[in-house]
Number of protein chains: 2
Amino acid sequence: MVTRLSHYFLRTLREDPSDAEVTSHRLLVRAGYIRRQAPGVFAWLPLGLKVKAKIEAVVREEMANAGAYEVHFPALLPREPYEQTGRWEEYGDALFRLQDRKGADYLLAPTHEEVFTLLVKDLYSSYKDLPLTIYQIQDKYRDEARPRAGLLRGREFTMKDAYSFDYTDAGLDASYQAQREAYERIFTRLGLEYVIVQADAGAMGGSRSEEFLHPTPVGEDTFVRSDGGYAANVEAFTTVAPEPIPFDGLPEPVIYDSPDTPTIATLVAHANAHLDAPAEGEWTAAHTLKNVVLALTHLDGTRELVVVGLPGDRDVDDKRVEVAFAPAAVEAATEADFERHPLLVKGYIGPWTPTGPLLGEESATGIRYVLDPRVVDGTSWITGANAHEKHVHSLVAGRDFAADGFVEVATVREGDPAPDGSGPVHLARGMEIGHVFQLGRKYAEALGLKVLDENGKLVTVTMGSYGIGVTRILAIIAELNNDDKGLIWPASIAPFDVHVVATGRDAVAFELAASVADRLEAAGLDVLYDDRAKVSPGVKFGDAELIGVPRILIVGRGAADGEVELWDRRTGDRRSLPVADAVAELSS
Amino acid sequence: MVTRLSHYFLRTLREDPSDAEVTSHRLLVRAGYIRRQAPGVFAWLPLGLKVKAKIEAVVREEMANAGAYEVHFPALLPREPYEQTGRWEEYGDALFRLQDRKGADYLLAPTHEEVFTLLVKDLYSSYKDLPLTIYQIQDKYRDEARPRAGLLRGREFTMKDAYSFDYTDAGLDASYQAQREAYERIFTRLGLEYVIVQADAGAMGGSRSEEFLHPTPVGEDTFVRSDGGYAANVEAFTTVAPEPIPFDGLPEPVIYDSPDTPTIATLVAHANAHLDAPAEGEWTAAHTLKNVVLALTHLDGTRELVVVGLPGDRDVDDKRVEVAFAPAAVEAATEADFERHPLLVKGYIGPWTPTGPLLGEESATGIRYVLDPRVVDGTSWITGANAHEKHVHSLVAGRDFAADGFVEVATVREGDPAPDGSGPVHLARGMEIGHVFQLGRKYAEALGLKVLDENGKLVTVTMGSYGIGVTRILAIIAELNNDDKGLIWPASIAPFDVHVVATGRDAVAFELAASVADRLEAAGLDVLYDDRAKVSPGVKFGDAELIGVPRILIVGRGAADGEVELWDRRTGDRRSLPVADAVAELSS
């Protein structure tokens, strides 16, 4: 049945919505695809729902090709399973929690590892039942602190989440690979260029994780790649630590006056003016050890200060910090924190004092001290001497001070060596479009999912989890496929196959347009027909450009001669041709 | 792609789930269609999801045929619109309420009138935009006091809810009729016999309402119908009141001793023993006026007693009471209520005392008094005299006592006259399968949905709302289509078109079964193939019977001779035929 615009539930808007920060949000609202209901919560109008359904159909087909079966879980779930894995707490404010009339705790699930695990535990008991991959396409909830960018970071969103179950590590590898390949097919079919990057698996408690990123300069995520094939997001990048240096013959630490040097830049300038030059010829920020005081808030509400020591030419990267200290929340230490720790002299902090360590769990302050991996034993540093306008030089790691551990929180830079030896990395930006995780046995252990193996022994199942944000993907495709006139959908997911526009006041044009629309539908195409009688061609063309069906057929002045115009929305190309040729071309 | 049972995510259970109260729940769990997650909250396994999708497809097609467009609203909605219509409060404990991290109030929507109204208000402004019918198929939430009967009364359930928008009453009639006819087509396609009954429209604030009931002796709803075509559910049935009787010549009330007559039966027996016989020859319960004390809890938490006066041969019907006094919650008055009102003498309550009225807002007690419509002016009653073991006879309505109004709460009985004069009604039972409402202008008024009419005047839009519980329908179909072996799906919504079973240990049977399954799939059928190698024929047949695909093809002993068996799950008929004939028959 041809969809006639005169009756269709669609109103395009002339004005951009006032709250739209990104193009996809702006155009999807203006073109009548979505409407905001609350911050980060949207209703889907007919056009939007059609595009969403087409993306879901592609995902379903490729999940079936990967041997995954579809199930469907409720959004409303009881607290207990999430309590057992610790995520009821770990999610913090991002979890929508509620109680039923009897006071029982529930949540709106942000992801479903727990209940998938329990379902398989409920039904399966033998290694013969495995491998298994099951998935759902389902509406999820996350109470984002700042929902933004329309569908890109909503509080309600549709996800395809798949979960694999195996009883051997090799099995997990195979299941993971099958999903990874399904993702490649999905993104290819959706016309979404992608880069697969190593990702941090820690947050989900797993062992291996990769992100599918769409590379774009406007992406919100930074990733690195080397010409030799390494790719990782910055959270997962690992530093190549230099070799340790023997202590023999290294000079002893010397405290010196360093007036007016509260910053790395002033400290370096002062060193070049007053200290003997180093072997490299000149002091640089890389010779200094910067000590950054962070305040962690743990899940139980306790606040802990941690000092991170890193070369002075690097900063602390917020995203890497977040991952490194998860699930604790991290912020810079406040004035109040410094007041509670008078031994920390702001701007002059260092791990060492002549009478013993200042930092580290066994130290004067008892404050945990963690180091960037570049601060290996035998490296010599200029750093704070824990007194106003005093620094120390020739302070040697491993000899004069020790750490409670190493941490990957320093900024990653263009040219840093890839950890796999494949050369220097380049920085790039991208948008996350998919994520695959090897969860390992964390959830199965927490929830007791075991099966009998070939020898009749109970073994814990190992799992993977694989996500694609369907509504996010839709927004990203909109973000990448538009011009100043509106959306330009890839044909595979356009809301309609053809947009027929009748123009003018001549009944012949409308009759021909209606018959062409019917013939195209009969040929199996989904047709939107702009049959509005009292709307000007300009408005109709504007709406067609805004809505973004890639192929537009104009029936107007030439109708009496059987001539129509084919308009390619993407290239802008418009050409006249006989109506039969147009129908044949569109139907082929 | 043929679905092979050896890999499919399906485990049938031998035992009935312990919490299953109804057949559909028991069989859907045992056959691997659904699993319980929390009270009234279920996960859908692959088989269940397939059946659900088929029902949804039928609903979608008929909505499209009725000119309705699909949209999709979130389940999570802000409080404000529901506050504006009063439903934030009216829903009471049945509404799942929650707050986001900023403390803003949200709900999980049980129905979406408010936001559909606001969406249309947002986009439409002229009568030319109307009529419009839009719908969604969406997961809804209702915090039932006692979720039960599996999917029949869950706390999360999938609904098709449609809403129509018109600017004239005639337009609403037409939109209502279009949905009503779509419902008839849907239920016919789903093989669900139905009766359309008048329903109470009050709860939704509307003017006209009908329910689609599937007539079945095990239905939870009672309805009535006359041979002349009247049909209504008991909540909507209206009493035919007799004509008033002139007071002239009616005897005056007489208080008399009635020892040991706390019940209607004892009172009637006493009257026949001690009072002059009535014109009809004998005193019956119908001559007595029973006064039932109800306690209403209003939305603001206040408790109010109300006395209902009705002929002693009728009881108060719980469902009619619920509707009559909604949104107040109603229960029988408690001992504590009676203690607070010592003028109410339990077992001997009446509206009248020789010194003035006892009941009614202007009376000694101030308690509201409402009457059954049969208690018309001039009717004469035996009723309580408000003292222990005292009654009064010849008490005449309208002369000796008056009411604060009439109320339809008395039980409806076989043989009661239909209000439309179409004869006596019969009682029957059914299950609600759909509901159509003319909401009128309640929601549009509360939320300010107006459009400009032909004369440029702002008019309030009039609305309809139309619901089908998709998951409930699925359960009802399961409830109606089963035997002691398991489910028997109608072909139109069966999870698979054919269930191929290979039996024995002969490779020939498995090879033939696989090739037949492939051929059936190639012919466009959706095939479940039980290819399990080490499972006995008995277990395979039992699973096939439990799962309930209506057509089963057995490939076993006759395989070497090219013979297979076709098994009709519904009739039990099994017959051998050559494989080519079987494929041809199934494919046709």
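I start with a salt bridge in chain B: E220(B) pairs with R153(B), and their closest N and O atoms are 3.9 Å apart. By salt bridge I mean a side-chain nitrogen of Lys or Arg within 4 Å of a carboxyl oxygen of Asp or Glu. This pair ties distant parts of the chain together, 67 residues apart. E220(B) sits in the loop between β11 (208-215) and β12 (221-226), and R153(B) in the loop between β8 and β9. Helices (H or I, at least four residues) and strands (E, at least two) are DSSP runs, numbered from the N terminus. E220(B) is partly exposed, at 31% relative accessibility. R153(B) is partly exposed too, with a relative accessible area of 28%. The cut-offs: buried is under 20% relative accessible area, exposed is over 50%, and partly exposed is in between, with a 1.4 Å probe and protein chains only.

Some housekeeping. This is a predicted model: local features need pLDDT of at least 70, side-chain atom pairs count only at pLDDT 80 or more, and totals for chains, interfaces and linings use all residues. Residues are numbered from 1 along each chain as its sequence is written, chains are lettered from A and ligands numbered from 1 in the order in which they are written, and side-chain values use heavy atoms, with hydrogens and water left out.

Back to charges. How many salt bridges does the structure hold over all chains? The count is 95. Take E252(A) and R399(A), with closest N and O atoms 3.7 Å apart. That pair also links distant parts of its chain, 147 residues apart. E252(A) lies in the loop between β13 (231-233) and β14 (254-257). R399(A) lies in the loop between β22 (390-396) and β23 (425-440). E252(A) is exposed, at 52% relative accessibility, while R399(A) is partly exposed, at 25%. Now a buried case. R532(A) bridges to D530(A), with the closest N and O atoms 2.9 Å apart. Both R532(A) and D530(A) are buried.

Next, the interface. Chain A puts 58 residues into the contact and chain B puts in 57. Contact here means heavy atoms within 4.5 Å. Together the chains bury about 4,900 Å², 62% of it on carbon and sulfur atoms. Buried area is the accessible area (1.4 Å probe) that two parts lose on being put together, summed over both. Six salt bridges cross between chain A and chain B. R11(A) with D129(B) is a salt bridge, at 2.5 Å between the closest N and O atoms. On the chain A side, helix α5 (residues 113-123) gives the most, with five residues. That side divides into 37 nonpolar, five polar and 16 charged residues.

How are the copies related? A rotation of 180° with 0.0 Å of shift along its axis superposes chain A on chain B, RMSD 0.2 Å. That is the relation of a two-fold axis. In chain A, the C-alpha nearest the axis belongs to L98(A), 2.6 Å away from it. The same surface serves both copies, and 98% of the contact residues of chain A recur in chain B. The superposition is by least squares on the C-alpha atoms of residues with pLDDT of at least 70 in both.

Last, the backbone. Most residues other than glycine have a negative phi, and most peptide bonds are trans. Here are some exceptions. L130(A) and P131(A) are joined by a cis peptide bond, omega about 5°. P131(A) is in the loop between α5 and β8 (132-141) of chain A. In chain B, the bond from A326(B) to P327(B) is cis, with omega near 5°. P327(B) is in the loop between α8 (318-325) and β17 (329-332).

Then positive phi. A149(B) has phi near 60°. A149(B) lies in the loop between β8 (132-141) and β9 (156-166) of chain B. At 13% relative accessibility, A149(B) is buried. E389(B) also has a positive phi, about 60°. Its loop runs between β21 (380-387) and β22 (390-396) of chain B. E389(B) is partly exposed, at 26%.

That is my tour. Questions, please.

Notes: Nonpolar A, V, L, I, M, F, W, Y, C, P; charged D, E, K, R; others polar.
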